[in-house]
Amino acid sequence: MTESLSKKKSCRIVVSGRVQGVGFRYSAVRAAEKYRVLGWVRNNFDGSVEIDCEGDAKNIDSFVKWLKVGPAGARVFSVEVREKQYQGVYSNFGIEH
């Protein structure tokens with residue numbers, strides 16, 4: 001693994017709590033842009049929010065820290081992070097429907 005790839009990270013994240021109907025996805029897009037994270041965010045039928053993201057490991061870690069709080073109005077109960085192999089497939093961060 002090259003040095004540049006060793007600093008990259010890819011994750012599937014599920015955020016549970018009061019995270020729908022509070023602008024969580026739109027705020028997540030802004031936070032992802034701030035932390036230079038690429039991927040997508042979507043609402044799940046069970047009321048959780050799911051994120052698939054990749055980027056520099058330190059930026060992903062900062063983004064996950066933000067997800068643990070979320071926007072005003074959100075009440076985050078849990079953030080499950082599952083790391084996966086980095087593939088570099090995203091060019092932006094958006095809302096998936």
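Trainee: Which residues are linked in a network of salt bridges?

Mentor: Let's start with the rule: a salt bridge is a side-chain nitrogen of Lys or Arg within 4 Å of a carboxyl oxygen of Asp or Glu. Here Arg12, Arg42, Glu50, Asp52, Lys84 and Glu96 form such a network. A caution on the source: this is a predicted model, where local features need pLDDT of at least 70 and side-chain atom pairs count only at pLDDT 80 or more, while totals for chains, interfaces and linings use all residues. Residues are numbered from 1 along each chain as its sequence is written, and side-chain values use heavy atoms, with hydrogens and water left out.

Trainee: How many salt bridges does this rule give?

Mentor: The count is 8. In one of them, Lys84 pairs with Asp52, with the closest N and O atoms 2.7 Å apart. Lys84 sits in strand β4 (residues 75-84) and Asp52 in strand β3, so the pair ties together parts 32 residues apart in sequence. Helices (H or I, at least four residues) and strands (E, at least two) are DSSP runs, numbered from the N terminus.

Trainee: Is aspartate 52 buried or exposed?

Mentor: Buried means under 20% relative accessible area, exposed over 50%, and partly exposed in between (1.4 Å probe, protein chains only). Asp52 is buried at 1%, whereas Lys84 is partly exposed at 37%.

Trainee: What is the N to O distance between arginine 42 and glutamate 50?

Mentor: Their side chains meet in a salt bridge at 3.1 Å. Arg42 is partly exposed, at 23%, and Glu50 is buried, at 10%.
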